[in-house]
Amino acid sequence: MPLAWPNCRNTRDLGGLIRSDNLDQLTRKGHAAFAAAGVSRIIDLRDIWETDAFPSPFRDDPRWVNIPLNDPSDPYLDHTDLLRSYQALLRNYPQRFATAVTAIAEAPPGPVVVACHAGRDRTGLVIALTLAAIDVPIEAIVADYATAPSTWEHDPPLAATMRTLLADLNAADYLLQAGLTPGALTALKNRLSAAPTHQPPPAADAH
């Protein structure tokens, strides 16, 4: 379900799991909407340099957890070959993905926010792994991943990228081998209540 959190542009609720772009964009109305959501944990997947350059407004909030998915020395994601870039991230940093998913599973009661800069690549991977691990159908995950605000340029291969990635990956096994415990996997299944929907996010609000 799309959420109106001005001025974030890529925010939606997937049944207790909220994905978003950078929360430093929130306006006064956005902060009010965020507060009303009753969020129990904020998982920020950005690199340390990003959190320094664009500090989260929740940086000093005990709900905020920073779990960078790559190292500063890594090359930027190659948007001409997202599949290969995603496969490299999964291959290089399984423990970091498992840590992020564990943070979702072990959060206090309430919605969990997962965010990065644009809310598509790093957030998209963690969300996809989480949903696939609890047996959400691949096509529902693909449809959510390929959703983007109407103001963005759409990349035609997005759906195919995620479909191919998940077809060759057993998400639950991947995460368990990387450090997710069976208990955390069960907790994940219990806390997430719905398959994702993929309506476009609301338009930005400058107020």
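Biologist: Before we start, what counts here, and how are residues numbered?
Modeller: It's a predicted model, so local features need pLDDT of at least 70 and side-chain atom pairs count only at pLDDT 80 or more, while totals for chains, interfaces and linings use all residues. Residues are numbered from 1 along each chain as its sequence is written, and side-chain values use heavy atoms, with hydrogens and water left out.

Biologist: OK, what's the strand order in the sheet?
Modeller: The order is β1-β2-β5-β3-β4, an open sheet of five strands with mixed pairing. Strands are DSSP runs of E, at least two residues, and helices are runs of H or I, at least four, numbered from the N terminus. Two strands pair if DSSP finds at least two bridges between them.

Biologist: Which strands stand at the edges?
Modeller: β1 (12-13) and β4 (64-66); each has a single partner strand, so one side of each is left without a neighbour in the sheet.

Biologist: And how do β2 and β5 pair, parallel or antiparallel?
Modeller: Parallel, over four bridges, with β2 at residues 17-20 and β5 at residues 112-115. S20 has A115 in β5 as its bridge partner.

Biologist: Which helix packs on the sheet?
Modeller: Helix α4 (residues 94-105) does, touching β2, β3 (41-44) and β5. Contact means heavy atoms within 4.5 Å. The direction of α4 makes about 170° with that of β3; axes are lines fitted to C-alpha atoms, for helices over the stretch in contact, and angles run from 0 to 180 degrees between N-to-C directions.

Biologist: Switching topic: how many aromatic pairs are there?
Modeller: Three. Rings of Phe, Tyr and Trp (its six-membered ring) pair if their centres lie within 6.5 Å; planes under 30 degrees apart are stacked, over 60 edge-to-face, the rest tilted. One of the pairs is F34 with F58, stacked at 4.3 Å centre to centre and 25° between the planes.

Biologist: Where do those two sit in the chain?
Modeller: F34 is in helix α1 (residues 28-36) and F58 in the loop between α2 (48-53) and β4, 24 residues apart.

Biologist: Are F34 and F58 buried or exposed?
Modeller: Both are buried, meaning under 20% relative accessible area; exposed is over 50%, partly exposed in between (1.4 Å probe, protein chains only).

Biologist: Last one: why does S56 count as buried?
Modeller: Because its relative accessibility is 8%. S56 is in the loop between α2 and β4 and touches D44, R46 and W64, not counting residues up to four places away in sequence.
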